[in-house]
Amino acid sequence: IVLLLQPIVLLYKLLFGRNIFNADAKDHQNSAPNNKLPQQSNDGTSASTVENPRSASSLPTGEHEVFLSFRGPDTRQVFTNTLFILLRRLSIRTFMDDEKLEKGDEIWPSLATAIRQSKIHVAILSENYAYSKWCLRELVKFVECRKQDKRHIILPIFYMVDPGDVRHQTGPYQSAFQQHEKKFDSKTVQDWRDALNEVGTIKGWTVGSKDKPGEIADRVCNEIWLHIRQNDKFLDRDRLVGIDDHIRAVTDELSLDSEGVTMVGLHGLGGIGKTTIARAVYNQISTSFDRCSFLENIREMQEQKNGTIDLQHKLISNIMRKDSLGSIDNDVEGKNLIKDRVSMFKVLIILDDVDEKFKFEDVLGNPGQFASGTRFIITSRNEKVLRTVGENQCKLYEVGQMSPRISLELFCKHAFKKTRPPPGYETLSQDIISIAGGLPLFLEVVGSLLYGEEKPIWEEKLVQLRKVSLKGVAERLKISYDVLEAETQQIFLDIACFCIGMEKEIAIYMWSDLKYLSLLSRINSLIQRSMIKIGYDNKFQMHDQMRDMGREIVREENIEQPWKRSRIWDPEEALDLLQNKRVCIF
């Protein structure tokens with residue numbers, strides 16, 4: 001049977017799978033009841049068209065990013081509706097509970113799941129909030145979720161109430177609890193009190209009689225947006241070692257309190273931690289800016305056809321908070337749009353992994369056109385590239401190799417889940433540290449590879465590492481690929497070539513169609529070996545060194561004839577294959 005190359009078959013199945021998933025999602029959105037805003041009737045009263053959120057069919061199943069908890073009669077018309085509309089305009093998927101509707105205890109598990117699957121929990125604490133057992137149950141669930149997963153965020157809004165009354169259940173909250181104590185058991189009431197006490201201590205917004213609710217709703221919306229963008233760059237700080245000094249140094253270079261536009265360039269070897277530092281700084285300071293954008297893998301993007309235009313489009317979409325902006329015909333138009341739409345804001349922009357092809361002025365225009373207070377962080381392996389950015393305005397910060405002490409701590413976190421090696425492994429660990437050369441990625445991958453292995457396996461891998469210690473980073477990393485089972489290797493190569501930034505479920509659909517077995521365990525194996533990561537948005541992530549290693553493995557299958565390789569990811573090579581009708585017989 002004559003077939004197209006396997007990568008074309010894979011891509012066909014991939015696209016077919018994506019269409020099915022998109023269709024399912026669209027059908028679900030069209031068929032399932034949504035949380036709609038109440039409409040005004042002809043006589044001016046509120047005629048709610050909100051579908052019952054207590055019915056199982058209308059509850060969210062993980063598709064919402066924000067969960068609003070509020071007492072309808074207190075805040076719906078003057079505050080909550082405004083906040084809901086602002087969030088919807090930014091395409092932030094928001095579940096708006098409706099306190100007025102009939103409630104049933106059998107629906108609570110589904111509602112609790114909806115809260116758990118939302119990223120941000122907004123509690124609009126008003127005068128009569130504490131009278132509602134449903135509001136209090138939601139608040140308890142908010143607190144439980146935050147304790148179980150620190151990525152959950154609670155944002156309290158004190159609407160016409162004093163935060164002290166919320167914390168101590170005084171004022172209007174006192175009379176509410178006097179009623180609750182007659183109806184509910186002491187543990188339930190105490191759980192409600194504890195939740196109010198904890199949420200009441202969280203910094204939020206206070207809406208008083210002299211405040212303009214619309215302005216505060218806009219501020220809340222902006223904060224939610226920043227948190228959602230920050231979640232996209234989530235870092236597990238517990239697994240990072242020696243990064244705090246870098247964060248402080250880069251932040252100092254940014255001079256956040258000064259006027260004007262400042263650029264800081266991070267340079268160093270591939271795998272040294274530049275992107276991780278940039279992400280950590282981004283997470284720490286992003287809330288100080290009007291808008292933010294983290295542009296990853298610029299070197300790879302600019303290798304693609306229309307890469308510069310795609311880069312400009314992504315930046316404008318991030319800053320304007322719109323997924324669809326229409327097409328950009330050329331890079332000049334893109335620069336003009338950036339000048340007109342982006343430069344009006346005080347922005348934080350991360351330009352990650354640039355090389356000599358990247359010209360700041362050709363992509364973004366003159367740095368001086370951006371609003372005062374704007375900051376750029378640029379990462380590159382090439383110091384010379386950074387020296388020419390913005391007419392030599394870029395401050396340079398070198399990310400050097402890790403010290404032996406920090407290297408050992410990072411390695412041990414992955415190899416032993418401790419900060420020090422256990423007895424009998426000290427010398428082996430030090431030998432690996434000396435081979436690693438202070439590269440965090442290498443330490444993480446090799447440590448994960450050796451986790452749980454007996455000493456003879458360590459000694460065997462050490463011999464292999466010594467043989468490749470003088471070669472490039474990719475060759476040293478390949479030791480983690482070589483030990484994988486055959487199907488797991490194929491999954492790794494698929495991710496490296498096609499699936500970075502793709503939702504995990506879509507890729508699993510493709511691999512299932514290829515009859516791969518034990519998919520979840522194979523994906524977990526790659527995660528445990530630090531070869532891939534799953535982001536907060538459930539999409540595949542991979543370090544560019546790992547990606548380059550995987551693609552080099554495929555390229556070496558046939559260096560001279562790309563159409564004879566197992567995968568083709570380069571658009572120009574794929575186009576050549578189709579135009580020249582190159583096929584293989586399997």
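User: Which side chain meets E198 in a salt bridge?
Analyst: The side chain of R146 meets E198 in a salt bridge, at 3.1 Å from N to O. A salt bridge here is a side-chain nitrogen of Lys or Arg within 4 Å of a carboxyl oxygen of Asp or Glu.

User: Where do E198 and R146 sit in the chain?
Analyst: E198 lies in helix α7 (residues 186–200) and R146 in helix α4 (residues 133–148), so the pair links distant parts of the chain, 52 residues apart. Helices (H or I, at least four residues) and strands (E, at least two) are DSSP runs, numbered from the N terminus.

User: What kind of model is this?
Analyst: This is a predicted model, in which local features need pLDDT of at least 70 and side-chain atom pairs count only at pLDDT 80 or more, while totals for chains, interfaces and linings use all residues. Residues are numbered from 1 along each chain as its sequence is written, and side-chain values use heavy atoms, with hydrogens and water left out.

User: How many salt bridges are found in the whole structure?
Analyst: The search finds 27.

User: Which residue does R547 pair with?
Analyst: R547 forms a salt bridge with E300, and their closest N and O atoms are 2.9 Å apart. This pair also links distant parts of the chain: R547 is in helix α24 (residues 544–555) and E300 in helix α11 (residues 298–302), 247 residues apart.

User: Are those two buried or exposed?
Analyst: R547 counts as buried at 3% relative accessibility, and E300 counts as buried at 18%. Buried means under 20% relative accessible area, exposed over 50%, and partly exposed in between (1.4 Å probe, protein chains only).

User: Which residues are linked with them in a network of salt bridges?
Analyst: The network links R299, E300, D353, R381, D544, R547, D548 and R551.

User: Changing topic, what is the strand order in the open sheet?
Analyst: The five strands run β5-β4-β6-β7-β8, with parallel pairing. Two strands pair if DSSP finds at least two bridges between them. β5 (94–96) and β8 (205–207) stand at the edges, each with a single partner strand, so one side of each has no neighbour in the sheet.

User: Which residue in β5 is the bridge partner of V66?
Analyst: That partner is T94. Strand β4 (residues 66–70) pairs with β5 in the parallel sense over three bridges.
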